[in-house]
Structures are given as C-alpha cells and as structure tokens.
Amino acid sequence: MEEKILKLIEKYNRIIIARHVGGDPDALGSTFALKEIILENFPNKEVYVAGTSISRFKFFGNHDKITDEICKDALLIALDIPDIKRLDGVDYYKFKDVVKIDHHPEIDKFSDNEIIDIDASSACELIARFAYNNNLKIPKHAAENIFMGIIADTNRFLFGANKAETYKTILRLIRDEHVKPNELYEILYKRPMAEVRLEGFISLNMKMTKNGLGYVKITDENLKEFGVDSASVGSIMNDYNFIHGLICWVIFTEDVKNGVIRTSARSRGLKINKLFEQYNGGGHVYACGAKLNSFSEADEIIDKLDKLCMEYKEDE
Ligand SMILES: [Mn+2]
C-alpha cells in the first residue's frame, strides 16, 4: 500500500492534507510533517494543509484556506482521522482520490488507499515509517513535528508505546534528524497557573464509584472562577492515569459558546469507544470524547460507564 500511496503523491501536482477537528499535536504534527516531507522530496508540488488554526499550537505550521479552486484536480490525504464527519476544513466529496493514514479503529471506510495501524502509537509514527521506508528525506522541522505527535499521543510513553518501533523512531529522530526533546517539551507542556488550579478543582471534586468510575461536571461558572475555557480540560485528562481503584474517568465541561457539554473520557483496559460512538463521538479504544446536548445526557453516560466498569471488574 505504501507504494501505491507514493505513486499517488507522485502523480498529483496539488495535494491537500487534512485531519480531524480540534487539532491536537498528533493531528497537527502529522499533517505539517507530511507537507514538509513532500515539499522537501518533491519541490515542484503544491501542498496545502486544511483545518482551523489552533492558537496554542502555532509551532506546527500555518493552515491554508482551502477554496474550490485549490480542490480541483487535487489529491486529499487524511491523517489521524477515522470518520469523514470530523474532517476539518475540507469537503471530502470533492476529491477523486483520497489517501488515509490513521491509527484509530476504523469508523468509516472512506479511502481505497489506506494505511490503518491501530497498534501504532500515533499518526506521526506512521508518517515517519512511510518516510523512512521510502527513503524520503525528513527536514528538521518535520522531524520535530513528528516527535511532538508521538510524545503527545503516548503521553510521554505512558500508553500506546509497547512496540520497539515507537522507540526506534524516536531514536532516529534524535540521532539522525537532531531533534532536541527539551526544547520541544517546553512547547508541549508549559501551561498557565489557571489550568493547574482547574486541575486542583477536578481532583478535589471527582466522584468515584465503587465500580471504579471517576466523574466530574464542570459548569461555565466553574470555568469563569478559574479563568479558563472549556478546552483546558483536554490536557488534564491524562493526569488521572495510575490511580488505585480508578478504571475509567470522565469529565463533562459546559461549553456555553457552542451550546454543548464537552465530554472527555479515559480508561485503563475497559473499551469505551463504542459507547461514545452512540453519542456522536468516539476516538480511541481507551480515550474518547463527545459533545453532548445536556448534563442529563452526561448522567446517562455516567450510568452506562459505571455498569461497564462493574462488568469489567467481574470479568477480571
Ligand atoms: Mn493521533
């Protein structure tokens, strides 16, 4: 399949790279890294990156506005995304050929040219694999983007990094492409005190059921009190890993601007993606999200997750 995808990249003069809405370091890292790799190895191509820009992640690169004119006769490459409806900034139906490279469990079958490897740590790892396997040069900034995606999606190797290939990729990025981890950690992990205080609130207010479910509801009032917005929770989620008795944890955050309850969940060993797909969300097997209409839907999810935790404990 890699060969087929490389042929498509060679064939098209214009290439648009896209990823899921709510770009995170892996989505941004993989799209911009691939753009830079293509331009380095095929300097005559036009390459665009679709999607809404994310102010705290300017480091990765600048997004392009994708017009109908640009889409004409272009190849679409979708990265880090299993479902069409969450594609950001570009209309999938405008393209004759679509390539997909992803590490999520499949939701929509939307490409005949796809690499899906759910054992890979990240989309960034798959981009590195594609480049190294095909002897494509990786420019320094692309290598940095790849590094950041791997680090972020594995949460610094705490999960999804059980394979030697992930570490081998990191080794090559540091040894051969001269990536400097310390410089990049600062971009990924430096955060405002307000967010730390919100984390304190979550830790103090997380309810824990006897079945091992942790949950918190954060209202708009709470967010205002701490001077943060509903997106701040995302970077806090992973801090509840490795807690005695906690199998699954879910945080509901009121997002008044968009009229939704942002929901984010993680689990240790319990599969939760199917449940979140029922609520128009999804993600990874052990890391999911959704946008709910109300806190009463949140209560439904709490009940269902608690039951799943109970069954999971019985099976163990
Ligand atoms: Mn990813």
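**Open sheet and overview**

An open sheet is formed by six strands in the order β6-β7-β8-β9-β11-β10, with mixed pairing; strands pair if DSSP finds at least two bridges between them. The model is a predicted one, in which local features need pLDDT of at least 70, side-chain atom pairs count only at pLDDT 80 or more, and totals for chains, interfaces and linings use all residues. Residue numbers start from 1 along each chain, as its sequence is written. Helices (H or I, at least four residues) and strands (E, at least two) are DSSP runs, numbered from the N terminus.

- The edge strands, each pairing on one side only, are β6 (207-208) and β10 (282-283).
- Eight bridges join strand β8 (residues 248-255) to strand β9 (residues 260-267), and the sense is antiparallel.
- V250 has A265 in β9 as its bridge partner.

**Nonpolar cores**

- A nonpolar core is a set of buried Ala, Val, Leu, Ile, Met, Phe, Trp, Tyr and Cys residues joined through C-beta atoms within 7 Å.
- A residue is buried if 20 or more other C-beta atoms lie within 10 Å of its own, exposed if 12 or fewer, and partly exposed in between, with C-beta atoms placed from the backbone.
- The largest nonpolar core contains 53 residues, and those with the most contacts inside it are I15, I16, I17, L76, I127 and I146.
- Helix α5 (residues 140-153) supplies the largest share of this core, eight residues.
- A second, separate core has 29 residues, including I247, C248, L275 and L308.
- Beyond its neighbours within four places in sequence, L76 is in contact (C-beta atoms, placed from the backbone, within 7 Å) with I16, A18, V90, Y92, F95 and V98.

**Helix α6**

- The buried residues of α6 are T166, T169, I170 and L173.
- The buried residues of α6 pack against α4 (123-133) and α5.
- Exposed residues A164, L171 and R175 lie on the face of α6 turned away from its buried side.

**Residue H63**

- H63 lies in the loop between β2 (46-49) and α3 (68-71).
- H63 is buried because 20 other C-beta atoms lie within 10 Å.
- Not counting residues up to four places away in sequence, H63 touches V49, A50, G51, T52 and S53.
- H63 and L28 are 35 residues apart along the chain, and their C-alpha atoms are separated by 9.6 Å.

Methods. Two residues are in contact if their C-beta atoms, placed from the backbone, lie within 7 Å.
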